[in-house]
Amino acid sequence: MNETQKTSTLSRRTVFAGAGAVGALAAAVAVLPKASPPAEAEPVAAAAQPDDAEGYRLTAHIQRYYQTARV
């Protein structure tokens, strides 16, 4: 061999394994849920009816369900 030519110490297998590990890490980071700082607790709006009332109450989450269930 010539002194100006140097052989690579990395094999193809090592390069591909490293590229695969980087790709797997990038995929895992993309899939993980984003951590958000804890939001301050907001006061819950008082219901129009007292809590001791029984039966059906139309609340905000029920209205949201009706909006999404429309065909």
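Y66 counts as partly exposed, because its relative accessibility is 39%; that label sits between buried (under 20% relative accessible area) and exposed (over 50%), using a 1.4 Å probe and protein chains only.

| Residue | Relative accessibility | Class |
|---|---|---|
| Y66 | 39% | partly exposed |
| Y65 | 53% | exposed |
| Y56 | 55% | exposed |

Keep in mind that this is a predicted model, where local features need pLDDT of at least 70 and side-chain atom pairs count only at pLDDT 80 or more, while totals for chains, interfaces and linings use all residues. Residues are numbered from 1 along each chain as its sequence is written, and side-chain values use heavy atoms, with hydrogens and water left out.

Searching the whole structure turns up one aromatic pair. The ring centres of Y65 and Y66 are 6.0 Å apart and the planes sit at 55°, so this pair is tilted. For Phe, Tyr and Trp (its six-membered ring), pairing needs centres within 6.5 Å; planes under 30 degrees apart are stacked, over 60 edge-to-face, and the rest tilted.

(A salt bridge puts a Lys or Arg side-chain nitrogen within 4 Å of an Asp or Glu carboxyl oxygen.) Y56 itself is in the loop between α1 (12-31) and α2 (60-69).

Terms used:
Helix = DSSP H or I, 4+ residues; strand = E, 2+ residues; numbered from the N terminus.
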